[in-house]
Amino acid sequence: MAHHADHGFPAVAARPPKVWRPSVEVNLTEHCNLSCYGCNHASPLLAEEFLSVDAFIADFEALGQAFHSGELRLVGGEPLLHPELARIIAEAKRIGVADRIVMFTNGVLLHRMQPGVWELLDEIRVSAYPGVTRRLSDEDCAASAKRYGVQLEITYIGQFRQTLLNERIKDDQLVASIYRDCKEKGEWSCHILRYGKFYKCPIAAVTGERLRMLGIEFHENPGDAVQVAGNPNLREDLRRYLADERPLAACAYCLGTSGPSVPHRQMNRAAKIYWLQESHSPDIEATRVNVHDRVARVLSWLRSHRCRRGRSNPKAHSAGAKRSG
Ligand code: SF4
Ligand code: SF4
């Protein structure tokens, strides 16, 4: 059989395809202009900090060597607070780590978003919270989106899911179940690149910082994130990391997407301090019940599905009857 060497060409080893996921996120700011109780990015607690354009370029150029996603989500905190938002989006487009650029915002500052930013974005997803004033009405927002060819989604959010914990879940089985069912790292693809490290979810990326505020010593496991810059094995590391079924150290302080719902509310300074101190034992117990109910529902569905299949397949039914007889 002919091969490259027969024609005098050097054999070129095929590079494995890039790792693909539906999305990757980046916090453009750590802080926010709102203080939502239950914010799972912990923004009401984090310092005022803006991602530098240089850090963004370095991180995403490195990631783009090994990874591609359907969308790059600009999140925070509140991305519209970033003074160099247009530059970052332009760089994101140039680097091309994702097919589309999507910005998540609480919408409070949309009325002053520059035309240049509208022109660059593919989609804006607005989280509209009760009692929070947005000066750009939904209709005006829709009109601007149409003018600039931007896809727009406005979601009214009255409930948050309790996620971040001030105490450790001591039951490893429960941690494993929460992790297994966690949509942040799964179907929602909320992976995040933060300060040169790729994490499965934004919660894990800030857990150390948050727990330090509580005086809790926290150490990531060695495999809880992938170092992106200067990593010659980035593709393989990302592939292995995303397929790894072991919970992260942060999962012991998180209810993932299994926690109870809580009504949305804005916090003042005193409420933020209380948020850092409140006991989450009742939420852990409520999650245990949620997880248990979910498992019971799946088992019951499987049992009834098996019965129905048995009934709708006369051969299987008679074979079963013969065996049991
Ligand atoms: S608007 Fe979003 S980022 Fe800001 S505090 Fe609320 S949930 Fe967190
Ligand atoms: S820390 Fe674990 S359980 Fe929580 S969102 Fe991340 S992957 Fe899911």
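1. Helices α5 (172–180) and α6 (202–213) each contribute at least two residues to the shell around ligand 2, where helices are DSSP runs (H or I, at least four residues) numbered from the N terminus. The model is predicted, and local features need pLDDT of at least 70, side-chain atom pairs count only at pLDDT 80 or more, and totals for chains, interfaces and linings use all residues. Residues are numbered from 1 along each chain as its sequence is written, while chains are lettered from A and ligands numbered from 1 in the order in which they are written.

2. Of the 15 residues around ligand 2, those that come nearest are C182, C201, C251, C254 and G256, a residue being near if its C-beta atom, placed from the backbone, lies within 6 Å of the molecule. By class, this shell around ligand 2 holds 11 nonpolar, 1 polar and 3 charged residues; Ala, Val, Leu, Ile, Met, Phe, Trp, Tyr, Cys and Pro count as nonpolar, Asp, Glu, Lys and Arg as charged, and the others, Gly among them, as polar.

3. Around ligand 1 lie C32, L34, S35, C36, C39, H41, S43, P44, G76, G77, E78 and N106, and this shell divides into 5 nonpolar, 6 polar and 1 charged residues.

4. The axes of helix α1 (residues 53–64) and helix α2 (residues 85–95) come within 10 Å and cross at roughly 20°, which means that α1 is roughly parallel to α2 (angles under 35 degrees count as such). On the α1 side the contact is made by V53, F56, I57, F60, E61 and G64, and on the α2 side by R87, I88, E91, A92 and I95 (C-beta atoms, placed from the backbone, within 7 Å).

Notes
Axes are lines fitted to C-alpha atoms, for helices over the stretch in contact, and angles run from 0 to 180 degrees between N-to-C directions. Angles under 35 degrees count as roughly parallel, over 145 as roughly antiparallel, 65 to 115 as roughly perpendicular and the rest as oblique. Two residues are in contact if their C-beta atoms, placed from the backbone, lie within 7 Å.
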